[in-house]
Amino acid sequence: MVIAAGVGATILVCSMVAWATGVDPMTGFEVASAVSIAAWLVLVAHNVWRGRELALAIASRSIPVQISGIRCRLIVGADSRAFVLGAIRPAIYVGQDLIDTLDADELRAVLLHEEFHQRTWGPLRSASLEAWMTLTQPLRRLREPLADRFVDLERAADLYALRHGATTAGIASALLRVDGVEAWSVAAFSNAADRRIGGLLELAAGRPGTPGRLPYEWLPPAVAAIVLLLCHVVEGPFPG
């Protein structure tokens with residue numbers, strides 16, 4: 001319904017502009033779309049590069065290990081974090097202190113949560129969402145669904161962990177232990193802790209899990225392409 005309304009509105013706007021001005025409405029849309037997408041790509045590249053630098057910074061003090069059947073990199077020394085880094089080849093990083101702090105059930109919940117981010121290109125999704133949030137910083141109404149999308153992905157990771165053997169108690173207990181720990185990546189276990197615990201309580205009460213929100217991290221480029229295509233379609237009857 002929303003998509004159909006958007007398509008209709010796009011056709012209407014393009015038609016009205018062309019009818020009122022007698023000018024091809026494509027020029028303005030093309031420039032605006034190109035600038036927006038170019039800025040987004042630059043910011044995504046910057047975020048991806050930042051993640052790569054972080055991965056290189058901890059490479060010398062991390063070693064490959066397998067914990068609870070999940071391959072990850074152990075950060076040797078005092079570190080209480082768990083997160084995923086790497087846009088092309090995402091890897092799970094877990095701190096030695098976190099392993100020493102959590103029990104087996106909690107640790108498995110954390111690693112399964114991070115495995116979801118690893119399997120679904122979490123760092124790249126985060127880089128895209130962060131880029132859009134930067135571009136829409138003055139526009140609160142646009143930023144809110146982007147922030148909600150971050151929470152959706154975290155809750156989806158919790159559901160993945162539950163389906164693969166983690167327990168609700170394990171996830172909630174681990175969240176309480178690591179909440180507030182500074183993360184190096186948006187794809188980190190400690191994000192959106194309060195709302196994630198709320199989601200777990202909803203599941204325990206038999207209510208639905210994560211809402212089916214649109215993938216906002218990839219939506220703007222798709223919308224820009226649709227707008228350009230539709231304007232090209234409706235510009236035919238009008239003079240250029």
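Trainee: Are Phe116 and Tyr160 buried or exposed?
Mentor: First, a caveat: this is a predicted model, where local features need pLDDT of at least 70, side-chain atom pairs count only at pLDDT 80 or more, and totals for chains, interfaces and linings use all residues. Residues are numbered from 1 along each chain as its sequence is written, and side-chain values use heavy atoms, with hydrogens and water left out. Buried means under 20% relative accessible area, exposed over 50%, partly exposed in between (1.4 Å probe, protein chains only). On that scale, Phe116 and Tyr160 are both buried.

Trainee: How many aromatic pairs are there?
Mentor: Rings of Phe, Tyr and Trp (its six-membered ring) pair if their centres lie within 6.5 Å; planes under 30 degrees apart count as stacked, over 60 as edge-to-face and the rest as tilted. Counting that way, the number of aromatic pairs is three.

Trainee: What kind of pair do Phe83 and Tyr93 make?
Mentor: Their ring centres are 5.7 Å apart. The planes sit at 15°, so the pair is stacked.

Trainee: And what kind do Phe116 and Tyr160 make?
Mentor: Here the centres lie 5.8 Å apart. The planes are at 50°, so this pair is tilted.

Trainee: Which residue in S4 stands opposite Val84?
Mentor: Strands (E, at least two residues) are DSSP runs, numbered from the N terminus, and two of them pair if DSSP finds at least two bridges between them. S3 and S4 pair in the antiparallel sense over four bridges. Across from Val84 you'll find Ile92.
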